[in-house]
Structures are given as structure tokens and as C-alpha cells.
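Here are a few friendly notes to read with the model open beside you.

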Amino acid sequence: LLCEHMIAVHIRRGHTVAPITRDDQVNKVLRIIFHKKQELTQLRILITSEVEKVTSGKLTLLEELRNSLVQSPSTISSVTKQLDQVRPKNLFEQLISQLGFADQLQELQNLMNQTVECQEQEQKALKDRIATLTNQLDEAKKKFHNKSATSTNNPQNHQKVRGPVPAKRSRDLGTELPIVVSTSGDKTIRIWRSEKARALEGHTGGVYSAAVPQTKEVLVSAGADSTIRVWDAATGKVARVLKGHTRSVLCVAISTVARFIVSGSADNTLRVWNLDSGKTIVVLGGHKSGVKSVAISNKGKFIVSGSYDKTLRVWSLNTGEVIKVLEGHSGCIRSVAISKSDRYAISGADDSTLRVWNLISARVRVFKGHGGAVYSVVVSNDDKFIVSGSNDKTIRVWNPTSGETTQILRGHTGDVLSVNLSNNDKYLVSGEGYPDYSVRVWDLSTGEQ
């Protein structure tokens, strides 16, 4: 039938068909079919290989772009141009779908949408600031070169400071300032005693987060090299390196009542690790985008995670299952904290708001006041106030009952990337990125540095 159909088509087109035997017809058609199948197989392998390379490359690029936005929101204009280059076209979408790569395409689209959403939310608030920073660039370069030979204790040499962590929310030394741990995009961790610092080096990428347990015998850090490092606090040496995440580890927390670590990553998962063995206890999956922040309840029963997918998730540490999914933020979530009573979760996001979630009744209260993304939140040890840091360059102290701002601390010249409190809630520590990359200690009773 196939032979007769082919001959009929040729005759209709005016072609001359030579008289051949039926065996000749069959053999000829079989040869044609065989060669076509070979060509199609080779073509499919080639296209599949190319699609995999392109898809993987674009996912990697998008992840790098997102990390760039996290570390330096002022790169938005250049990121926009790069996003336009990786946006899939209709033909590309159809090709991937036909070859069975629909899931990869959807993941690519989701990543791109989330990145664009975060970008658009930040762009409005940062438009004027970007212009100012551009004008200050030459001056900043001169300052950097002039101070490049100064002591490493200078906060300005600690580039892209990410998180001041007062050693387990700081150990107060009588009337002295607290000991502070900060992490940075310069791949180091610094332990500050007054204005002097000891640098810990080992990460091969920027260090995004650090945590210290109540016993203070170790320090745990997480970074862009996809690892978590456990440091001996006394010697400053790496005790062990925890590997398992496939992308940057964006946050880490350590339990105060049990010997385990929780980490969140750009690979969309959280991992619970045994502190002593360094082995993964459980992998928690459910977020649709990178996990930016994680907090452990004070009794060690559950954890709360915040993600670029704009949701918070409450996880049971006994079962590894999701207890609640908290939705409401219209921007990517940057920071989460848990009250000392374990009744409330606090979150800060790119939509310029804080939200206080009642974990029992599921009620939520929205705190407004910041003029830009809220990068960090922390709650006092007595649950009487909340502190937040923002890219509007201010720190705000909030009354958790009324939702009103009770204090505004000004002095930073750039984004306030992280805030934390000492054990007695007397001191507040904050970390800033560009332009001065400083760590600042505030006396909350006076509001002075």
C-alpha cells in the first residue's frame, strides 16, 4: 500500500514512473525507510543533546543571575538584558515539548518568572538609589585603593557583609561589647572582638550564612560553593565539610537543644544534618524555588523556612512533613525568625513588609514602614520587640502587639543585609553591603552606635 501510494503521488505531480517489479519496489522503499530512520535517530540524538545543553546552560545562568541580584541588587539593569537573551522562544518551547523536555522547560520558565518578579519589585524602590550609587562609584574606588594596605581588621575590607551573628546571639562580656560573627561575599568569616577580627578562610565562594550553638564550641557556615563547614571555634580550623546540596547554600541554622544543623539551598531543598557525624538525616523538598532563610524552634520540634517562591513552610522535625504552608507575601521572602514561645513566625520580604504569623490560629499581621525590601528580621529574647533591616538603609524596632515602629536607627549608607541581638537584648548588630561593607554595633537603650 505504501508503494502504491508513493507511485500515485508521483504520477499526480507529473513524474514518470518506470515499470519495476514489486520486489524492486519493496526493497527500494525499505531502503528509503531504513535510511530515513537512521537520519531521524541521529537528528533526534543531536537535537536532544543540544536542548539538554541549552536548557542546562540557561538554568545555570538564571541561578547565577539570581545570586547576583541577592548579592547586589544594583545589577538589575544588566540582568534585564541577560534575561531577554535566555527567554525561550515559541519554536524552542515546541521543540522541547515534542522531544519530551516539557518538565525542564517549565522549570526554566518558573525560575525566570521568579527572577523577573523579584527584579521588578526591587527595581522601583532602587531606581533613584542606583543613580546615586553610579555617581559615587569613582569615589568608592579611590577609597578602596587608598585603604587596600590597611589592617584586615578594617570592616571595609570585609566585602559584601552578609550576616552579623553575635556568637549564639552574642556572648556578653560584662560591660564589653558582644563577640560578633560575620560572613561575607569575600569568602571569609570574621570573628570580631571590639574592632579587631580574626578571619576564617576555607570556602571557595561567598559565605551567605553562619550559626553558633549555645555551647559555642563550633561555628557553622554555608556558602556559594554548595558546602556547609563546621569550624572548631577555639582553633579556627575546619572540623568537617558537609556536602549534599547541588547549588549554593543560602542559609544555615543550628539547634540549641539537639545536635543537628538545618540548611536551605538554591536547589529548592532543606537538609537536616547530624552535627557529630556530618551525615544528612533527611532531605525536605517542597519549595518551588531557592530557600533563602530557615529558623529552628526553641524546643527543636519544628522549623520554618522562607523561599523565593514567596511562601513560608512549617516542617515537623519528627516526621519531615510539612505542617503548614503560609502564603501572603507578594515578594520573595528574605528572612524568617521564630519567637521564643514558638507561637509566632516572623518574616521579611521584597514587598517591603514584615508579617507576624500565629502558628496556632494561622492569623497573620502585616507591619508596614520600610521603603524597600526587608532583608533581615530578628525577635528579642523576651518576645517584646522585633528588629528588621532593609535596603532603605534603616533599621526599625517594632512593637509586636501594636505593629508600630518604636525606634528607627539611621547611619548605614547602603543596604542593611542582616541584623541580630545580644543575649540580653541590649546590643543590636547589623551588617551592610556596598559601599562600606561594615559591621555596626548599636546600643538600643540610646540608639547610638
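1. Trp-398 has Thr-405 in S24 as its bridge partner. Strand S23 (residues 394–398) and strand S24 (residues 405–410) run antiparallel and are joined by five bridges. Strands here are DSSP runs of E, at least two residues long, numbered from the N terminus, and two strands pair if DSSP finds at least two bridges between them. S23 and S24 form a hairpin with six residues between them, and Gly-403 in the turn has a positive phi of about 80°.

2. A word on the source: this is a predicted model, where local features need pLDDT of at least 70, side-chain atom pairs count only at pLDDT 80 or more, and totals for chains, interfaces and linings use all residues. Residues are numbered from 1 along each chain as its sequence is written, and side-chain values use heavy atoms, leaving out hydrogens and water.

3. Next, have a look at the open sheet of four strands, ordered S9-S10-S11-S12 with antiparallel pairing. Strands S9 (249–254) and S12 (280–285) stand at the edges with a single partner strand each, so one side of each has no neighbour in the sheet. Within this sheet, S10 (residues 260–265) and S11 (residues 269–274) pair over five bridges, and Ser-263 has Arg-271 in S11 as its bridge partner.

4. Finally, the rings of Tyr-434 and Tyr-437 have centres 6.4 Å apart and planes at 75°, so they are edge-to-face (centres within 6.5 Å; planes over 60 degrees apart). Tyr-437 is buried at 13% relative accessible area, while Tyr-434 is partly exposed at 23% (buried is under 20%, exposed over 50%, partly exposed in between, with a 1.4 Å probe and protein chains only).

How values were computed: Rings of Phe, Tyr and Trp (its six-membered ring) pair if their centres lie within 6.5 Å; planes under 30 degrees apart count as stacked, over 60 as edge-to-face and the rest as tilted.
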